[in-house]
Amino acid sequence: MNKSIKIYVAILVFVLALILIADRDKPKPIDWRPTFSVQDKIPYGLFIFDKEINTLMKGSKIEKISTITPYEYLDSQYDEDSLVSAYKIKGTFINIAEQEDIDDESVKELFYFVSHGNNVFLSMRNFPQILMDSLKLEVQTNFKNLNSTSIWMANKKFSSKKYFFKQSLEDYFTKIDTSKTTVLGYQTSVKNEKHINFIKVPYKNGYFYLHTQPAAFTNYHLLKGNHYQYAENVLSYIPKGDIFWYIKGQNGESISNSPLRYIFSQPGLKWAYYFCIIAILIFIIFNIKRKQRIVPIIKPLPNLTVDFTKTIGNLYYQEGDHTNIIDKKIIYFLEKMRNEYLMDTTKLDDEFIKKLHYKTGKNITDIQELVFLINEHRKSYHGSLEEDLIRINNAIEKILH
């Protein structure tokens, strides 16, 4: 291990030590996320409600639906083989959640379930749109500063006792079918505007109980003062009988299976992990430059064939053997035409000129001039002059370049 790596490791260890010392006595921050999970002991989990539901709903048999949708569960309980098609179960379906998470097919099945003399209790800030449209309801959400919202039951047998909830969001019904809907609860905002937050809506042979304050059933409110009484009052409207509690997505099955799950759940370990990644990236950036010696550039070997050809050409030129040079340039040109363009060079006529023009795209006048010079050279019986060599060479260069 070289000296620079030792320095990086020492700095990393020092930073990790500082993080551990800084977080040693720091209290764990409260997790205020509204998970509504029966496994969560945080303020807005349903751990206490899960443990106390048998006490809050005495005399009722509780069955949890945790792995399938309401449609799948209720459809499996429907008996089509009997003389009168009906459900094999009877009771109340309940769901307590932050937001509506019931699919449309399940909502349709809930309507069918209620039509057979059963009930549905939903406590959530927003309800499935298909449910709202069918029951002619509307819900509004108001954003406000963190203030107390007064909540109480409509029935005087509960002494109209008010409970104060600290919240920054206020959800309530703004439209109901007054001809058949029964108001069971109210709330008052910071402006003392009275709003409806709990209703009972009949549907054929059963009822829908809709409540917009699911926070009332969380750990925070069940353990705060007398707020548990409000939860008891709300649940007292649910008819006695079997309870089918839908908790899919609220019983902890969505917990990540990542091996780093625990590290990310602890702030100190999470930041230590981030600093390790940052340190590794810094190390890579500083060491990305190669530390080996510069490789010298080796020049390629010269093309001796070209040099040899130039030498031979100079010898011919110095000897004044222009005819021989012209013959060799013509041979070279024709050989190139045969190899590259697959042309027949036996006869240099108009047909040859036309084909060469099409294949090379060169000016047809230049091609005609070259063919004329080659044919003239082949016909002459006297030695060629230097001027003939220059003319033929220039004509060939126009075609080849």
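Predicted model: local features only at pLDDT ≥ 70, side-chain atom pairs only at ≥ 80, totals over all residues.
Me: What makes Tyr87 buried or exposed?
Reply: The relative accessible area of Tyr87 is 10%. The cut-off for buried is under 20%, and therefore Tyr87 is buried.

Me: How do you know that Tyr87 and Phe113 form an aromatic pair, and which kind is it?
Reply: Their ring centres are 5.2 Å apart, and a pair needs centres within 6.5 Å. The planes stand at 85°; over 60 degrees counts as edge-to-face, so this pair is edge-to-face.

Me: Why is the pair of Phe49 and Phe217 called edge-to-face?
Reply: The angle between the planes is 70°, and the class begins over 60 degrees, so the name applies. The centres lie 5.6 Å apart, which meets the limit of within 6.5 Å. Both Phe49 and Phe217 are buried. The two rings also belong to one aromatic cluster, together with Phe121, Phe198, Tyr237 and Trp245.

Me: What makes Lys162 a charge over the ring of Trp152?
Reply: The charged end of Lys162 is 4.5 Å from the ring centre. The distance limit is within 6 Å, and the charge must also be within 35 degrees of the ring normal. Lys162 is listed as sitting over the ring of Trp152. Lys200 likewise lies over the face of Tyr207, 4.3 Å from the ring centre.

Terms used: Residues numbered from 1 in each chain as written. Heavy atoms only, no water. Phe/Tyr/Trp six-rings, centres within 6.5 Å; stacked < 30°, edge-to-face > 60°. Buried < 20%, exposed > 50% of the residue type's maximum accessible area, 1.4 Å probe, protein only.
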